[in-house]
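Please go through them with the coordinates open beside you.

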Amino acid sequence: MEMEGVRTDRPGLLLDQFDKAREMAQVRLTGLGDEEYLWEPAPGSWSIRRRAEASTPWAFGPGKWVLDLGAPDIPASEYAEVARQATGGMSVAKIAEDWSVSVERVEQILAHTGEPEPDETPVTTIAWRLAHLHFCFAGQWEWTFGEQRREPKLLVDFTPSPALALERFWVVIDRWRDDVAALTDEQLDTVGFSQYPYGSDPDEPFIAVVWGANLEFIHHMAEIALLRDLWRTRFTTPG
């Protein structure tokens, strides 16, 4: 079913949304240079770094370059998702496992009242945002359409070259999109069709996983676009 060129079936809406977001992102990433890719907009920014220079305790990657990662916590922007998971019947222990935090931390968030806590999500480089997306989509593909055995944190060989990073990234993104497009309605409605170990994928109907992947792609690409704007105007002074 179509309306003014837009598909209105369930997978069609999500695929069209993803295709449009991908098109916009590819345009926005045109001309990304080496220095801009690794530019740290604030002290302590997370990025990709040589293994010996890693500045965060949980940095990971299979090669010479690793992706910064600090001690796990649930950002304030995800508190509503935690509450949704609990309301949907997920146990506190399972929520804690999915987010890699303690049971006590989840209970604290669920009991939280009043104004939300400040979101302490770290400032990142473009390289970090792109590498994070690459790692997520590579892992979700492996644990949905692949062998469902390889550790997601070892799937992506991070690189300081934006040209090489983007070349590899679009291959992974397009593979994910094409395999999602080939699924049946029954597969899309199957709970646990994805067994991706970092998150709630095994407890969700797969169409909800696709929705979440779209959201992940869109919001990180929006952040990358903002970082590109900040880079372009970094020496501009008012007046």
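1. Does Gly31 count as buried or exposed? In this predicted model, Gly31 counts as exposed because its relative accessibility is 64%, and the cut-off for that class is over 50%.

2. As for its setting, Gly31 sits in the loop that runs between helix H1 (10–28) and helix H2 (34–37). Once the neighbours within four places in sequence are left aside, the contacts of Gly31 are with Glu36 and Arg228. A further pair to check is Gly31 and Pro162, whose C-alpha atoms are separated by 9.5 Å although the two residues are 131 residues apart along the chain.

3. Most residues other than glycine have a negative phi. The place of Gln148 is in the loop between helix H6 (126–142) and helix H7 (162–181), and with 30% relative accessibility Gln148 counts as partly exposed.

4. The second largest pocket has a volume of about 180 Å³, and the elements that each give two or more residues to its lining are H1 and helix H9 (206–232). H1 supplies the largest share of that lining, 6 residues.

5. Among the residues that line the second largest pocket are Gln17, Lys20, Met24 and Arg28, together with Phe217, Ile218 and Met221.

Note on methods: Residues are numbered from 1 along each chain as its sequence is written. This is a predicted model: local features need pLDDT of at least 70, side-chain atom pairs count only at pLDDT 80 or more; totals for chains, interfaces and linings use all residues. Side-chain values use heavy atoms; hydrogens and water are left out. Helices (H or I, at least four residues) and strands (E, at least two) are DSSP runs, numbered from the N terminus. Buried means under 20% relative accessible area, exposed over 50%, partly exposed in between (1.4 Å probe, protein chains only). Contact means heavy atoms within 4.5 Å. On a 1 Å grid over the protein atoms alone, a cavity is a set of points where a 1.4 Å probe fits but cannot get out, and a pocket is an open set with protein on both sides within 12 Å along at least five of seven lines; lining residues have an atom within 4 Å of a point. Grid points are joined across faces, edges and corners, and a volume is the space filled by probe spheres set on the points.
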